[in-house]
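Welcome! Try each task yourself before you read its solution.

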Amino acid sequence: MRAIVWHEDGRVRQAADWPLPAMEDDEALVEIRAEGVCMTDIHMIRGTLDFAKPPWVLGHEMSGVIAAVGSKAKGWSVGERVVVDPVVACGSCSHCQRGKKYLCESGGELGTTYGSGGYGQYVAVKPANLYRLPDTMSFAEGAMMEPLNCTLGAVERAAAAIAGGSVIVFGPGPAGLLFMQLARAYGALRVVLVGMEEERLAAGRRLGADRTINLQAESLAEALKDEAFDVAIEASGSVQGVQDCMAYVAKGGTIVLYGLNGSDRPSIHSDRVVGKDLTIVTCISAPLLWQKGIELVRAGKVNVKDIVSHTLSFDEAAAAVNDIAANRFRPVKAMIVHAQAEEENDA
Ligand SMILES: [Zn+2]
Ligand SMILES: [Zn+2]
């Protein structure tokens, strides 16, 4: 198959004849049509997250079309449009049985820790990892269901505080842009988005933020004075973002910790969590909420399409991913769109 492969030299390159992932009898083979480029992939390429060893086919945000169905895989047929849940698990350990398969010790995530991901033309998965992609949604929207799933899981855990409350979101990347829309969909009365890049903040305003604050232009203290928020969401992946959440969450409020900042410097004062009567929630995956995410997009409550800032053809993808890893290219969200297999055969 064709694949964008991450190699030992810290670069990705196009391969025309990479081995097809093995499909078991109880699995389906999915021909990938869209694959999101996630900062997790970039951290792996840079060597700052050591989830897998190259050579490796990255990519955990994917959608596609069923290309083959194993003899023991039920409920799916060739040609159906699907969203792929990349989390693979044993299904029988205590974590799996409690609906937390992402904690399974014998599992992992396609493209990240476990097997060949969506930077390749095909992935093999069990039917339990597949969701139908409605005809009204594009493959790129389908690939956005993975980042939506993780942010939705966090929002569900903070739902009671969000409903009828005020929300501040730090970090206008894809996660932050999803969080602010989900906060709105879950009944927040006021949503403020904080960041440092005007292009991303402008996207936030188009997607429904009541107010954006550009930290290059004004300080939080100037902008917010003594305003406090029922929910403060850290989606910037910075220690400063965590500290700002602590500073601007209201007494009795909720902090959502989402971005990873790679720092082992303590950034939460536990006495202040107790003294301010705070609730802290997180989320890394929400196995039970995939269909709900699809429905939120289908119902027009969350716009994932306009978060995708750059669409890359397979032939453009390797150079673009290398540029992102080298910090020469900073798209809000890049999406690799694989050509349809038949088109290639015609060529
Ligand atoms: Zn991701
Ligand atoms: Zn398990």
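Aspartate 277 lies in the loop between α10 and β15 (279–281). Helices here are DSSP runs of H or I with at least four residues, strands are runs of E with at least two, and both are numbered from the N terminus.

Some ground rules before we start. Residues are numbered from 1 along each chain as its sequence is written, while chains are lettered from A and ligands numbered from 1 in the order in which they are written. This is a predicted model, in which local features need pLDDT of at least 70, side-chain atom pairs count only at pLDDT 80 or more, and totals for chains, interfaces and linings use all residues; side-chain values use heavy atoms, with hydrogens and water left out.

**Exercise 1. Work out what the backbone angle phi of aspartate 277 looks like, and whether this residue is buried or exposed.**

Step 1: Aspartate 277 is not a glycine, yet its phi is positive, at about 60°.

Step 2: The relative accessible area of aspartate 277 is 55%, so the residue is exposed. The cut-offs are under 20% for buried, over 50% for exposed and in between for partly exposed, using a 1.4 Å probe and protein chains only.

Step 3: Now look at lysine 225, in the loop between α8 (220–224) and β13 (229–234). Lysine 225 also has a positive phi, about 50°, without being a glycine. With a relative accessible area of 64%, lysine 225 is exposed.

**Exercise 2. Find which residues coordinate the zinc ion (ligand 1).**

Step 1: The donor atoms come from Cys38 (SG), His60 (NE2) and Glu61 (OE), at 2.1 to 2.4 Å. Donors are N, O and S atoms within 2.8 Å of the metal (3.2 Å for Na, K and Ca); water is not among the atoms, so sites may look incomplete.

Step 2: Along the sequence, the spacing of these donor residues reads C-x21-H-E. Cysteine 38, in the loop between β3 (28–37) and α1 (39–46), and glutamate 61, in the loop between α1 and β4 (62–69), are 23 residues apart, and the pair links distant parts of the chain.

Step 3: Both cysteine 38 and glutamate 61 are buried.

Step 4: Stay in the loop between α1 and β4, where you will also find proline 55. The peptide bond that leads from proline 54 to proline 55 is cis, with omega near 0°.

**Exercise 3. Describe where leucine 110 sits and which residues it touches.**

Step 1: Leucine 110 belongs to the loop between β7 (108–109) and β8.

Step 2: Its relative accessible area is 6%, so leucine 110 is buried.

Step 3: Among the residues that leucine 110 touches are His60, Met62, Val88 and Val123, not counting residues up to four places away in sequence. Contact means heavy atoms within 4.5 Å.

**Exercise 4. Explain whether asparagine 261 is buried, exposed or partly exposed, and list its neighbours.**

Step 1: Asparagine 261 is in the loop between β14 (249–257) and α10 (270–275).

Step 2: With 28% relative accessibility, asparagine 261 is classed as partly exposed.

Step 3: Leaving out residues up to four places away in sequence, asparagine 261 touches Gly237, Ser238, Val239 and Val242.

Step 4: A polar atom of the asparagine 261 side chain lies 2.9 Å from the backbone nitrogen of serine 263.

Key
Polar contact = N/O pair within 3.5 Å; in protein donor to acceptor, adjacent residues only side chain to side chain.
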